[in-house]
2 protein chains.
Amino acid sequence: MTDDDDLTQEINGNGGDDLVSPQDFTYEHPFEFELGGSIPNFTLRYETYGKLNADKSNAILICHALTGDHHVAGRHRPEDKRPGWWDHFIGPGKAVDTRKYFVICSNCLGGCSGSTGPTSINPATGDPYGIDFPVLTFRDMVRAQKLLIDHLGIRTLHAVIGGSMGGMQALIWEIEFPDMVKNVIAMACAAKQNTQATAFNTVARAAITQDPNWLGGYYGELEGTGPRSGLAVARMMAHITYLSDFSLTSKIRRTPEQLPGGRIATGEFLRKITFPIESYLHHQGDKFLDRFDANSYLYITAANDFFNLAKDHSLDQSFAPVKARTLIVGFSTDWLYPPWQNREIVIALKRAGKEARYVEIDAIAGHDSFLLNSPHLYENTAKFLDGE
Amino acid sequence: MTDDDDLTQEINGNGGDDLVSPQDFTYEHPFEFELGGSIPNFTLRYETYGKLNADKSNAILICHALTGDHHVAGRHRPEDKRPGWWDHFIGPGKAVDTRKYFVICSNCLGGCSGSTGPTSINPATGDPYGIDFPVLTFRDMVRAQKLLIDHLGIRTLHAVIGGSMGGMQALIWEIEFPDMVKNVIAMACAAKQNTQATAFNTVARAAITQDPNWLGGYYGELEGTGPRSGLAVARMMAHITYLSDFSLTSKIRRTPEQLPGGRIATGEFLRKITFPIESYLHHQGDKFLDRFDANSYLYITAANDFFNLAKDHSLDQSFAPVKARTLIVGFSTDWLYPPWQNREIVIALKRAGKEARYVEIDAIAGHDSFLLNSPHLYENTAKFLDGE
């Protein structure tokens with residue numbers, strides 16, 4: 001997902017009146033990873049919104065996308081310029097109405113926004129895990145989330161909701177813990193990572209690991225270092241895949257016709273930002289450096305590339321345990337997880353005899369459309385959560 | 001365009017019986033660039049196929065794509081494993097029949113396959129031009145080609161044919177030199193570089209220029225150096241944009257299910273090639289390093305990003321001078337220059353009162369479909385060249 005200023009302005013439209021504070025849940029036992037390896041304990045940073053009712057039946061878990069975090073709505077301080085990343089969707093009277101529902105969102109295991117991941121201290125060495133953090137999968141992230149939900153004393157989730165990577169995790173939730181999940185809303189996602197998305201992640205990992213400042217993954221001990229060039233390139237490229245040509249074009253404030261300014265005699269222009277979209281993309285790359293860790297990016301993109309619900313069985317068979325109702329939302333211009341990949345989920349769920357429906361939203365902004373204002377999305381979400 | 005082994009095997013199907021030798025044309029006068037700057041002389045490397053007839057009316061000029069070259073058909077030596085890059089399309093009895101037509105293809109100005117570009121020696125310094133080469137546009141490349149055509153004593157081209165960047169240059173040919181061009185076939189192209197394509201080129205240039213071995217563009221004096229990591233990343237990313245998810249998937253010889261082999265306890269896998277598509281993409285990146293210069297890549301992608309036939313006038317007005325018949329061929333799965341961008345050219349030509357037709361080919365392989373075997377493309381090309 002992008003962390004676009006324009007996007008934020010758009011999101012800001014709905015405001016966020018509630019103050020919220022992040023909390024930490026620490027699981028003080030060893031955690032074994034699906035592909036092997038373990039860590040002696042872990043912490044998940046999370047936030048909650050609204051109130052858990054007496055019978056603990058109104059909890060909704062939000063799963064964030066690749067580079068998202070737990071701060072999904074509200075503000076930490078009144079003066080915060082930006083509310084949480086899905087604030088227009090979650091809050092009092094909004095699509096996910098926090099007057100009715102108790103909403104939980106946690107930073108994923110392997111992340112870098114407060115949850116245990118490559119930047120965390122390895123108790124065995126006293127240094128950051130870095131590249132020695134175990135390889136993780138979406139299933140590991142979901143299993144860690146489940147321990148948080150247990151810790152909160154919640155036995156049944158009214159819903160699990162997510163977009164992109166978050167949508168994929170919502171699907172894992174309904175398969176792995178069918179008795180805990182009543183409803184799933186998964187958007188802009190897929191039942192299996194596609195080759196093209198893996199290919200882009202491959203290039204991102206190459207850009208990071210070929211940056212001399214990656215230092216074989218052990219840059220973490222040195223403050224303010226790390227593969228900044230490689231990570232910026234990775235982010236700039238990924239950013240393109242989150243948008244559409246149309247929405248990219250809308251980011252250009254100057255027209256190409258105004259550039260280059262006057263005649264240029266030599267290759268000098270190649271050292272400067274020249275094309276209007278370049279400054280926008282470089283800005284996106286630079287902003288990302290302040291909030292994301294390069295090793296985390298390697299691990300989480302790899303987890304994404306491992307994702308395949310049809311790995312051991314047909315997709316229909318994989319969905320056999322599901323008891324939840326499922327709403328899948330695809331977006332017409334999403335070319336990262338195109339509508340056909342979203343539809344495929346519903347087709348398999350229906351073939352497996354499950355209650356599932358598909359809504360496709362005509363959107364102009366590509367994959368990240370799930371993060372934008374959409375009355376159509378709000379209405380479908382609210383109704384579905386109400387059991388309609 | 002890709003230089004894919006699979007693709008080559010496919011192309012090889014038609015074989016290439018004719019031996020061909022590259023030739024050099026040197027223009028011994030100063031050449032002024034559209035955006036300013038000049039060079040005291042330039043060379044274009046080119047090849048020809050078939051025979052120029054007595055009235056010099058059967059010449060066809062082929063314009064290559066971004067990283068292509070003049071070796072469009074045939075073999076340099078009988079033992080060459082690979083023929084020229086469009087050998088299945090051009091040759092005796094083929095769609096562009098060299099028994100009828102005299103075919104010319106030149107490496108573009110700014111290129112690195114024998115024509116003058118950043119790797120060439122700057123007579124003023126005795127060192128390679130490098131980043132001091134003047135910024136160039138597609139119009140500069142076409143004007144240089146025109147001097148070659150003049151040199152060959154050809155006053156009228158029966159056709160100008162190209163795909164991608166080559167197609168865009170073919171459009172410039174019919175606008176700039178309307179009295180010299182009878183027919184144009186432009187494939188998988190656009191009348192204007194789109195923002196998404198510029199964005200990908202931006203990331204490519206960032207990857208190259210942020211590689212410490214780029215040395216501000218002056219790596220050229222040191223043999224075997226240069227921004228190899230950055231150029232490989234740029235190529236890997238571009239390669240994805242040339243294909244479709246389907247054709248990328250078809251490159252995977254092992255299935256993801258076979259990987260990773262056994263359990264992996266730590267981040268060790270991140271240092272190795274893990275996902276099936278990774279080895280394919282890394283191979284593409286590495287192969288490219290042996291045949292392409294990083295500065296040339298910067299200049300030619302920038303030329304692509306400058307391209308906009310609707311810059312000074314409406315597109316209809318820009319096509320006003322055209323006298324040629326135009327065939328535009330779009331490919332259904334091309335998402336770099338999608339069908340709508342190809343159709344837009346025909347719509348504008350028709351609005352300008354020109355003879356133009358559009359053929360859309362149902363293809364599975366994305367942008368590079370124009371390089372693959374296609375009876376539909378062959379038939380449309382042969383008929384159009386025959387005046388049908």
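Predicted model: local features only at pLDDT ≥ 70, side-chain atom pairs only at ≥ 80, totals over all residues.
Two residues are in contact if their C-beta atoms, placed from the backbone, lie within 7 Å.

In the contact between them, 50 residues of chain A touch 50 residues of chain B. On the side of chain A that touches chain B, at least two residues each come from helix 4 (195-209), helix 5 (228-242), helix 6 (245-250), helix 7 (276-289) and helix 8 (294-306) of chain A. Helix 4 of chain A gives the most to this side, with nine residues. Sorted by class, the residues on the side of chain A that touches chain B are 29 nonpolar, 14 polar and seven charged.

How are the two copies placed relative to each other? Two copies of a chain are related by a rotation about an axis and a shift along it.

One pair of helices shows the meeting of the chains in detail. Two packed helices are described by the angle between their axes and the distance between the axes. The axis of helix 5 of chain A and that of helix 4 (residues 195-209) of chain B come within 9 Å and cross at roughly 170°. Angles over 145 degrees count as roughly antiparallel, and helix 5 of chain A and helix 4 of chain B are therefore roughly antiparallel to each other. Helix 5 of chain A makes the contact with A:V233, A:M236, A:M237 and A:I240, while helix 4 of chain B uses B:Q196, B:A199, B:F200, B:V203, B:A206 and B:A207. This contact has nine nonpolar residues, one polar residue and no charged residues.

Helix 5 of chain A also packs against a helix of its own chain. Its axis lies 8 Å from that of helix 7 of chain A, at an angle of about 125°. Helix 5 of chain A and helix 7 of chain A are therefore oblique to each other, and the crossing is right-handed. Among the residues in this contact are A:V233 and A:M236 of helix 5 of chain A, and A:L281 and A:F288 of helix 7 of chain A. By class, the contact of helix 5 with helix 7 of chain A has seven nonpolar, three polar and three charged residues.

Chain A can also be viewed by domain. The domain assignment gives domain 1 (5-193 + 309-385) and domain 2 (212-295) of chain A. Their contact takes 16 residues from domain 1 of chain A and 14 residues from domain 2 of chain A. The side of domain 1 of chain A that touches domain 2 of chain A has seven nonpolar, six polar and three charged residues.

A last pair lies in chain B. Helix 2 (residues 138-151) and helix 3 (residues 165-176) of chain B pack with their axes 10 Å apart, at an angle of about 65°. That makes helix 2 of chain B roughly perpendicular to helix 3 of chain B. The crossing of helix 2 of chain B with helix 3 of chain B is right-handed. In this contact, helix 2 of chain B supplies B:F138, B:R139, B:M141 and B:V142, and helix 3 of chain B supplies B:M168, B:Q169, B:I172, B:W173 and B:E176. By class, these are six nonpolar, one polar and two charged residues.

Definitions and conventions:
Residues numbered from 1 in each chain as written. Chains lettered and ligands numbered in written order. Axes fitted to C-alpha atoms, helices over the stretch in contact; angles between N-to-C directions. Helix = DSSP H or I, 4+ residues; strand = E, 2+ residues; numbered from the N terminus. Parallel < 35°, antiparallel > 145°, perpendicular 65-115°, else oblique. Left-handed = near helix turned anticlockwise from the far one by under 90°. Nonpolar A, V, L, I, M, F, W, Y, C, P; charged D, E, K, R; others polar. Domains from an automatic or database assignment.
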